[in-house]
Amino acid sequence: MGADHTHAPAASTPRRRLIIAFSITTTVFVTEVVGAIITGSLALLVDAAHMLTDVIGLALALTAAHLMDRQPSARYTWGLRRSEVLGALAQAALLLGVGIFALVEGVRRLFEPPEISSGSLLFFGIVGLLANVASLFVLMGGRTSNLNMRAAFLEVVNDALGSVGVIVSAILIATVGWYRADAVAGILIALLIIPRTLILLRASGSVLLESTPPGLDLEEVRRHLRELPHVVDVHDLHASQVSTDLPVLSAHVVVDDQLTQEDSARLLRSLQECVAEHFPVAVEHSTFQIEPKSHPDEHTTHA
């Protein structure tokens, strides 16, 4: 006997915010490419390349947001909710590539610093920072919705930091003539990008590998379930995430042989309420298979 506690997935990605941020970022990317050509600045070139990843990343985020809103079908029974994770993974991979390039090129330019027009560099840095701040305000309200929005927000945060680096290097070049400031800014941008992308890659990979949702202790879940009336043992206990806002759980529950049909119905409700209400991660979608104690000893061979 089994039970399925089902709830229709709800769309959770604010697409309008992504569209506005995408428009702003695309405009600034074109501006910074022109600026990098005019000034010859590595920091501005890296920021423009980073901005390109934002354009691509936000386009991926928009695509993922659209796919996440698709209703479940016979072929895709969860809908396309996992596109959120795939989008975040692609964005993180792009950011990592930009970070590595900036680090390598920055080290090279420390030994061969080119002459740079500080005035133009400062202008383009300020333009980039203002645009990034505008995008941050647009995305801020939805940044905790899911991995897809978190990746988009993170990309814009990194861009804003990159613009600050461009502005600081322009000021140093203008005031003390230290051209290596541009290379140092590029390296610092890279050092800010790489750790954050690794965290995002790890979070995305964790969902794809169907690890237990962060904050959910399966041993604690098992202990709670065993304390329910008529429950003898719990085995084949699994929990994972279809997407960051859709955790799922399943288990085989061994019960007394004397359990009546009415007792079974009450127990199923208790099991579902337990995993939905008693833990930091509320699992609204749970499936339980109830097995009498006299059932063949399957439960002795599974965790």
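## Helix 8

In this predicted model, helix 8 (residues 261-277) contains a series of buried residues, namely Asp 263, Ser 264, Leu 267, Leu 268, Leu 271, Gln 272, Cys 274, Val 275 and Ala 276.

Ser 243 belongs to strand 3, which covers residues 231-243. With a relative accessible area of 0%, Ser 243 counts as buried, because the cut-off for that term is under 20%. When residues up to four places away in sequence are set aside, Ser 243 touches Arg 81 and Glu 84.

## A nonpolar patch on the surface

On the surface, Val 30, Val 34 and Ile 38 form a nonpolar patch, and together they have about 260 Å² of accessible area. One of these residues, Val 34, lies in helix 1 (residues 15-39), and its relative accessible area of 41% makes Val 34 partly exposed.

## Confidence along the chain

The average pLDDT of the protein is 79, and 87% of the residues score at least 70. Confidence is highest in helix 7 (residues 218-226), with a mean of 93, whereas it is lowest in strand 1 (residues 2-4), with a mean of 48.

Over residues 2-13 the pLDDT stays under 50, and for this stretch the model has 36 contacts beyond four places in sequence.

How values were computed:
Residues are numbered from 1 along each chain as its sequence is written. This is a predicted model: local features need pLDDT of at least 70, side-chain atom pairs count only at pLDDT 80 or more; totals for chains, interfaces and linings use all residues. Side-chain values use heavy atoms; hydrogens and water are left out. pLDDT is the predictor's confidence in each residue, from 0 to 100. Helices (H or I, at least four residues) and strands (E, at least two) are DSSP runs, numbered from the N terminus. Contact means heavy atoms within 4.5 Å. Patches are made of residues with over 30% relative accessible area and no salt bridge: like charges are joined within 9 Å, nonpolar side chains (Val, Leu, Ile, Met, Phe, Trp, Tyr) within 5 Å. Accessible areas come from the Shrake-Rupley method with a 1.4 Å probe; for residues, only the protein chains shown count as cover. A salt bridge is a side-chain nitrogen of Lys or Arg within 4 Å of a carboxyl oxygen of Asp or Glu. Buried means under 20% relative accessible area, exposed over 50%, partly exposed in between (1.4 Å probe, protein chains only).
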